Every structure is written in C-alpha cells, then in structure tokens.
Amino acid sequence: MRLYNIKDHNEQVSFIQATKKGLGSKQGLFFPVELPKLDINTINSILKTDFLSRSYKILSTYIGNEITPNNLFMCIENAFSFPISIRSISSNISCLELFHGPTLAFKDFGGRFLSQILSCISDNQHTTILTATSGDTGAAISHAFYGMENIRVVILYPQHKISPLQEKLFCTIGGNIETIALEGDFDTCQSLVKMAFNDKYLSKSLNLNSANSINICRLLAQICYYFEAVAHFSEEIRNQLVISVPSGNFGNLTAGLLARSLGLPVKRFIAATNVNDTVPRFLNNGIWNPKKTIQTISNAMDVSNPNNWPRIQELFQRKSWELTSLSYGVVSDKVTRSSINELDKIGYLVDPHSAISWHVLKNSIKDDEHGLFIGTAHFAKFQDIVQDILGREIVLPNILTKHNKLPLLSYKMKPNFSILRDFLLK
Ligand SMILES: *Cc1c(COP(=O)(O)O)cnc(C)c1O
C-alpha cells in the first residue's frame, strides 16, 4: 500500500512506514494513493461471511502484501476479540454498539489493531508511543500496549476535562504506561504532540510513534465494523441506510467514508457534533473557522480543530463526491440530556456521545430510510453525568469497579513544550 502526504504529494510511504511515522512532513496526514473498490458481487459475498474473514478481505485489499497473510489474519483475530452488537431501538432506528471491548469504547478496535501491527513489524527497536486523548483513546491504547516489551507509552489528556472513570481506566495502570494531566484542552494536548513529532531530535532518538486517530492503521481497522453493520440488514434496507457518527476528531467518520469508497452500500452519512461545531459550520457556509474549545458532557467530542478533516476533504475530492451530500447536526448539552432521558423511557440507556448521534439521526431521517447511530462508548464510563440526568444509580461493569479503586498515577504538567520535551527525554 502506498500513501502520500496530503501536504506534500511527493512524500510517499508504505503502510508500514505510515504506521510507524503517524504523520508526514509539515504535519501532513497520509492518504492512500490507490482507493481500491470492490465490485458488487464481491461486496455481497463478503457481507455473507463472518466478521474476521471479512475484515481480513477488507484490510488485505487496502494493505496489500506488506504484512504476510498469516500475520495479518493473526493481528485481526487478536485485535477484534470482542463482540459487536446491533440493537433495534425503534421501528426504523438501530444502534451499532461498538463498546463491548476491554475499555468500553470503539477506540478498542483501532487501538488493539495498531498494537498488534506494531508488534508484528517492530524489529525489537525501542519505541515511544506519544498520544493525546480526549478520553477514550488513552484507555484503549494503554490497555492494548500494556506490558509490551520495548514500548513506552506516554499519554496526554486535558486535566479535569475527561470523566473521572475514563481517567481511572488508564491512569492507574503504571508499568510501561505514563500519563500526563495537562492544564489545557484537548486541542492543546494535540498541538503539543504535533510539536514533539516536528522536533527531529526527539522524534528520532525516542523513535516516536503516534497512536492517535491520525494513524492510518487505526482508521483502516475501523472500516471493518461498518461492513459488519451493513451485513446485519436485509438487502432492501441496505440501500436506504443512513449512518450517524458522533464526531470529534473525525476519525470514525473518515473510516465510514473509506468503507463506502471501497463499495459498501450506505445511502448517506451524518456528522453529528456537540457545540464544538467547526465542521457543521464549514459545511453550512464554507468557512473554516475553529473557535475556542467548549467543555461539554460529551467530552470525547470536545475538539474544535479536528485532525482528520483534511482526509475527508481529500476523499471527497478524489471520488468527486459533493460535500453537500454529507448531512450534519449540532447538539447542545441540554438536548443531549433530554435525549438520554427520552431513550431511557423506551428502555435504552446511552452515553452522552451516542445520545448525540441518535438525536441528529432522529431529526434527519426520512420515511423511506433506515437509521443507524453509532454507540461509541458504554454509558457507565460517564456514571456521574448519566446518574445525574436519570436521577437514579447505575451499576458499573467489573472493569470500571476494579480501576475505580486504584490510585491515580498521572503527572501534572503545564502546557509548555520544553517541559514536555524534558519529560520525554528523562
Ligand atoms: C473518540 C470518541 C468520539 C469521537 O470520535 P472521532 O473519531 O474522534 O470523531 C465519539 N465518542 C466517543 C465515546 C469517543 O471516545
């Protein structure tokens, strides 16, 4: 698989190089040179097979022969070792539940596949994984890389801006996992990480790798669950399917669009955001104008400068798709709360992020369409907020109870690159 740097098309790398480097020069994202497309017969036949064999077909179509078939299949099998479920919520709306993995959010798909691929391609070289998280990536990456030899993981997150249980899930692990509570927001964390990658000495001497959703390896893994979702429905519904994606950094939506580019039948996608609405405003008036990040109860989507957006624009341009075909919607905290209540009344409990995708879908869907909203995290990760909204106690899954009892091990840090640099070099 060849990829080019969106900011400098002359810079081309292989899949392995793109996975190791994360970003190209000038902080440019890597994007596939070839956009493979499977014909309708192949699509129909893989939709009939099981999740692992189908994921192998999808990923080998993109990745090619850089990873041997046996190794690739093993990576897929080890990474995707937990269930996906599709729940019917009402007559024309279903939820794609992606939170049944070890850290209860969809980030487990990308995080675990990345850790498998990196361990498969690493030649025992020491690597430092440096990542910014808006809440759930931190846990997925920490759990996926915990205990791996020659790998040091450093994770930055915005202090007091992720849920207490999200924090407990990855800041209590220790070992090769170091966590930094930064005084700032997610965009600040993200820009410090980018500066570290731009620092040639740092990047080389530590063999820095980013496990952010800017890493193409994570995005490719996420294509697979869109196929699983479509496979669940009858052929009749497939062509009327509208998928709503609760978006922050826009990796999840990028993966969905890459699935469609590969030939997956989906009528349209919806980009659902909270009030950090840079993309909806852009789709509305064509002006890219990120504002200061606003803290919300859907904190994993508190991103005002979404890193993956340039990939979506690149894809639309390459495929000659109109950006106007992308639907969008913005949901305030107030409406997020009432949506959680509304769904609870019909017997379905959701977290704030999934509530946003449901709300925008419900308002957008037409009579002949079938809606699928993505359930990105387990409601219990946001215990405080959800309990407050529902006015009753909710029970925690075992993994959260266990981590909740452990002490936090995070370092506190000011948003200053030279402090971070010293920390990394120590
Ligand atoms: C990361 C995350 C999102 C946003 O996904 P992006 O790929 O960054 O757009 C939404 N919901 C939850 C629960 C998340 O953890």
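Analyst: Happy to; we'll start with the ligand and then turn to the aromatic rings. Keep in mind that this is a predicted model.

User: What lies 2.8 Å from an oxygen atom of the ligand?

Analyst: A backbone N or O atom of glycine 248 lies at that distance, 2.8 Å. A polar backbone atom of asparagine 252 is also 2.8 Å from a ligand oxygen atom.

User: And how about aspartate 136, where does its polar side-chain atom lie?

Analyst: That side-chain atom of aspartate 136 is 2.5 Å from an oxygen atom of the ligand.

User: Nice. How much of the ligand does the protein bury?

Analyst: Taken alone, the ligand exposes 380 Å², and the protein buries 98% of that. The ligand sits in the largest cavity.

User: OK, switching to aromatics. How many pairs are there?

Analyst: The count comes to 16 aromatic pairs. One of them is phenylalanine 282 with tryptophan 309.

User: Why is that pair edge-to-face?

Analyst: The ring planes of phenylalanine 282 and tryptophan 309 are at 75°, with the centres 6.0 Å apart, so the pair is edge-to-face. Planes over 60 degrees apart count as edge-to-face.

User: Which helices does the pair link?

Analyst: Phenylalanine 282 is in helix α13 (residues 278-285) and tryptophan 309 is in helix α14 (residues 309-319). The two residues are 27 residues apart, so the pair links distant parts of the chain.

Notes. Residues numbered from 1 in each chain as written. Predicted model: local features only at pLDDT ≥ 70, side-chain atom pairs only at ≥ 80, totals over all residues. Heavy atoms only, no water. Polar contact = N/O pair within 3.5 Å; in protein donor to acceptor, adjacent residues only side chain to side chain. Areas by Shrake-Rupley, 256 points an atom, 1.4 Å probe, with all protein chains shown as cover. 1 Å grid on protein atoms, 1.4 Å probe; cavity = no way out; pocket = protein on both sides within 12 Å on 5 of 7 lines; lining within 4 Å. Sits in = over half its atoms within 2 Å of the grid points. Phe/Tyr/Trp six-rings, centres within 6.5 Å; stacked < 30°, edge-to-face > 60°. Helix = DSSP H or I, 4+ residues; strand = E, 2+ residues; numbered from the N terminus.
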